[in-house]
Amino acid sequence: MSQDFIPAAKPIIGAEERAAVDAVMATGMLAQGKQVADFETEFSQVLLDGRASVAVNSGTSGLHLGLLASGVGPGDEVIVPSFTFAATGNSVALTGATPVFADIELDYYTLDVTHVESLITDKTKGIMPVHLYGHPFAAEAFAAVCGKHGIDLYEDAAQAHGAAVNGQKVGTFGKFGMFSLYPTKNMTSGEGGMVSTSDPEVERKLRLLRNQGMDKQYENELVGFNNRMTDLHAAIGRVQLTKVDGWTKQRQDNAAFLTANLEGVGTPKVAAGAEHVYHQYTIRVPEGRDELHERLRSGYNIGSGVYYPVPNHRLPSFNRTEDLPNTETAAKEVLSLPVHPSLTQDDLERIVTAVNTLVKAGA
Ligand SMILES: *Cc1c(COP(=O)(O)O)cnc(C)c1O
């Protein structure tokens, strides 16, 4: 245990981010202003092939406002995965609509389009799949199903900055897409979220909803929130945006090394045409997942994570009884190993040796 701890995730904050925050502080203008406007423009250029973006104070409020701006409300159903972070289903429930939980494909851990289609009713307003772990969901297949049934596609891209399907960036397929800027995501603003849309009416409503329903001060057009991003957070995000492509490449290189060298575990699969940005590097361990997780830490000083141990539909907050067999299997078997861009070659080799040794001993 003399070796340094390798954390499961590690935000990279450097001198440039600190200087950018300091420069905003020096202006005395801290709340939403020019930094936020510039961050939106640059985010659209770097990650969205020019599609519009609207900054908010968290990914969760991005989903919530995106759904409200798309007209989702009481009486509607929105189909979501259960195998995701709780914010996905929470944001649907917060609009007054009902989240309907569908099963995933075990190859990619993303929603199964066939199961989703079987759950569409005349109340279904839309489908909100998640680009989980940085692997894009089958965006073209989902867009086709939505088109066929006359419903909307919304993208939870919280974990997938820069991911793409056949060269098309995630966040450009749905009525809106949401990117989280929480510290452990592929880039951060401290806390924050970015909502993408090519629908001018959705964009206008997003801008109103984040700011008390106002475009012009004291001329409130609708009932809204204070979900604005601050200029301090935007300044951090703007610096991170200049680095995210390089970090993604590093994540992909780290993942390639792990996949080439791990033995006896199920390594991540990548669908044809998919660009995976490895927010997580998630293996499947059919027997002894929890022991592996524990022994990596106690014996090798290596962090790992179980995302997510309890399917959302069975959380006390939802307490549903749907039968989602692939979701249950994934919740029991997945383990995410460190893949973040600050890993050294030595770290990667330690991870491979530790996992291979433990798996072999257990077999
Ligand atoms: C992180 C995350 C969110 C919520 O983002 P916050 O910025 O933490 O509010 C939503 N969905 C998924 C899949 C996430 O991973």
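Trainee: How far is a polar side-chain atom of Ser180 from an oxygen atom of the ligand?

Mentor: The separation is 2.7 Å, inside the limit for a polar contact (a pair of N or O atoms within 3.5 Å). Please bear in mind that this is a predicted model, in which local features need pLDDT of at least 70 and side-chain atom pairs count only at pLDDT 80 or more, while totals for chains, interfaces and linings use all residues. Residues are numbered from 1 along each chain as its sequence is written, and side-chain values use heavy atoms, with hydrogens and water left out.

Trainee: Which of the 16 residues around the ligand come nearest?

Mentor: They are Thr60, Asp156, Gln159, Ser180 and Lys185; a residue belongs to this group if one of its heavy atoms lies within 4 Å of the ligand. The side chain of Thr60 has an N or O atom 2.6 Å from a ligand oxygen, and that of Asp156 has one 2.8 Å from a ligand nitrogen.

Trainee: How much of the ligand does the protein bury?

Mentor: The protein buries 94% of the 380 Å² that the ligand exposes when taken alone, as computed by the Shrake-Rupley method with a 1.4 Å probe. Helix 3 (59-69), helix 4 (87-94) and strand 8 (176-180) each give two or more residues to the shell; helices (H or I, at least four residues) and strands (E, at least two) are DSSP runs, numbered from the N terminus.

Trainee: Changing topic, where is His279, and why does it count as buried?

Mentor: His279 lies in the loop between strand 10 (274-275) and strand 11. It counts as buried because its relative accessibility is 6%; the term means under 20% relative accessible area, with exposed over 50% and partly exposed in between (1.4 Å probe, protein chains only).

Trainee: What does His279 contact?

Mentor: Leaving aside neighbours within four places in sequence, its contacts (heavy atoms within 4.5 Å) include Gln159, Lys185 and Arg251.

Trainee: How many residues has the largest nonpolar core?

Mentor: It has 24 residues, and Leu262, Tyr281, Ile283, Leu296 and Leu337 have the most contacts inside it. Such a core is a set of buried Ala, Val, Leu, Ile, Met, Phe, Trp, Tyr and Cys residues joined through side-chain atoms within 4.5 Å.

Trainee: Which helix gives the largest share of this core?

Mentor: Helix 12 does, with seven residues. Leu337 touches Ile351 and Val355, among others, not counting residues up to four places away in sequence. Apart from this core lies another, of 23 residues, including Leu63 and Val195.

Methods. Polar contact = N/O pair within 3.5 Å; in protein donor to acceptor, adjacent residues only side chain to side chain.
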